[in-house]
Amino acid sequence: MYKVGYTQGVFDMFHIGHLNLINKAKENCETLIVGVNSDRLAEAYKKKIPVIREEERAEIVRNLKAVDGCFIVDTLDKGVVYKEHPFDAVFIGDDWKGNDRWAQTEKQLAEYGVKVVYLPHTPNVSSTDLRGEVLNSVN
């Protein structure tokens, strides 16, 4: 059990996969803090504008019983986040395991004694897929 855990995401069109990740993260730590990616950050790396604005996404996450703290972040660099909001572990879906960016994040955070913990990914659900389903039903 970790003292302070952290997870981060866009959490656009909040769905069961988001809820599963946050609840599983909370099962592994006493205090869970969550970073919600800013609209600007989401657009920069996903090349999509979120459907739900950042303040509303943060408010949804902030009101989950598993979440002890929530803030909007403007970087994917977990070292930068760690310096402002220290944590003992960062939780991410296991669909990211082996990804180059996350392998680098593991090395970076190891310098601070922080562990990257891969949690089971909820299959067959994503905001990208939901967006596609909505757009297809309109057309």
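Student: What percentage of the residues in the protein is buried?

Tutor: A residue is called buried when its relative accessible area is under 20%, exposed when it is over 50%, and partly exposed in between (1.4 Å probe, protein chains only). Here, buried residues make up 42% of the 139 residues in the protein. Please note that this is a predicted model, in which local features need pLDDT of at least 70 and side-chain atom pairs count only at pLDDT 80 or more, while totals for chains, interfaces and linings use all residues. Residues are numbered from 1 along each chain as its sequence is written, and side-chain values use heavy atoms, with hydrogens and water left out.

Student: What is the accessible surface of the protein?

Tutor: Accessible areas come from the Shrake-Rupley method with a 1.4 Å probe; for residues, only the protein chains shown count as cover. For the protein, the accessible surface is about 7800 Å², and carbon and sulfur atoms hold 52% of it.

Student: How many helices and strands does the protein have?

Tutor: Helices (H or I, at least four residues) and strands (E, at least two) are DSSP runs, numbered from the N terminus. The protein has six helices and five strands. Their order from the N terminus is β-α-β-α-α-β-α-β-α-β-α.

Student: Which strands pair with strand 2, and in what sense?

Tutor: Two strands pair if DSSP finds at least two bridges between them. Strand 2 is parallel to strand 1, with seven bridges between the two, and also runs parallel to strand 3, to which five bridges join it. Individual positions can be followed as well: G9 is opposite V36 of strand 2, and G35 is opposite F71 of strand 3. Strand 2 covers residues 29-37, and because seven of its nine residues are buried, the rest of the structure largely encloses it.

Student: Which strand pairs with strand 5?

Tutor: Strand 4 (residues 89-93) does so, in the parallel sense and over five bridges.

Student: Which elements make right-handed β-α-β units?

Tutor: A crossover is right-handed if, with the strands pointing away from the viewer, the path from the first strand over the helix to the second runs clockwise. One such unit consists of strand 1, helix 1 and strand 2. Another consists of strand 4, helix 5 (residues 100-110) and strand 5.

Student: Which residues does T7 touch?

Tutor: Contact means heavy atoms within 4.5 Å. Leaving aside residues up to four places away in sequence, T7 touches L21, I22, L32, I33, V34, G35 and F91. T7 belongs to strand 1 (residues 2-9), and its relative accessibility of 0% is why it counts as buried. Across the protein, 77% of the contacts with a separation of 6 or more are between residues 24 or more positions apart.

Student: How many salt bridges are found in the whole structure?

Tutor: Side chains of opposite charge can pair when their charged atoms come close. A salt bridge is a side-chain nitrogen of Lys or Arg within 4 Å of a carboxyl oxygen of Asp or Glu. The whole structure holds six salt bridges. One of them joins K26 and D68, whose closest N and O atoms are 2.6 Å apart. K26 is in helix 1 (residues 16-27) and D68 in the loop between helix 3 (54-62) and strand 3 (69-73), so the pair ties together parts 42 residues apart in sequence.

Student: Is D39 buried or partly exposed, and with which residue does it form a salt bridge?

Tutor: D39 is buried, at 16% relative accessibility. Its side chain meets that of R53 in a salt bridge (3.3 Å, N to O). R53 is partly exposed, with a relative accessible area of 39%. A network of salt bridges links D39, R53 and R57.

Student: How many disulfides does a search of the whole structure find?

Tutor: A disulfide is a pair of cysteine sulfur atoms within 2.5 Å. The search finds zero disulfides. As for individual cysteines, C29 is buried at 3% relative accessibility, and C70 is buried with a relative accessible area of 13%.
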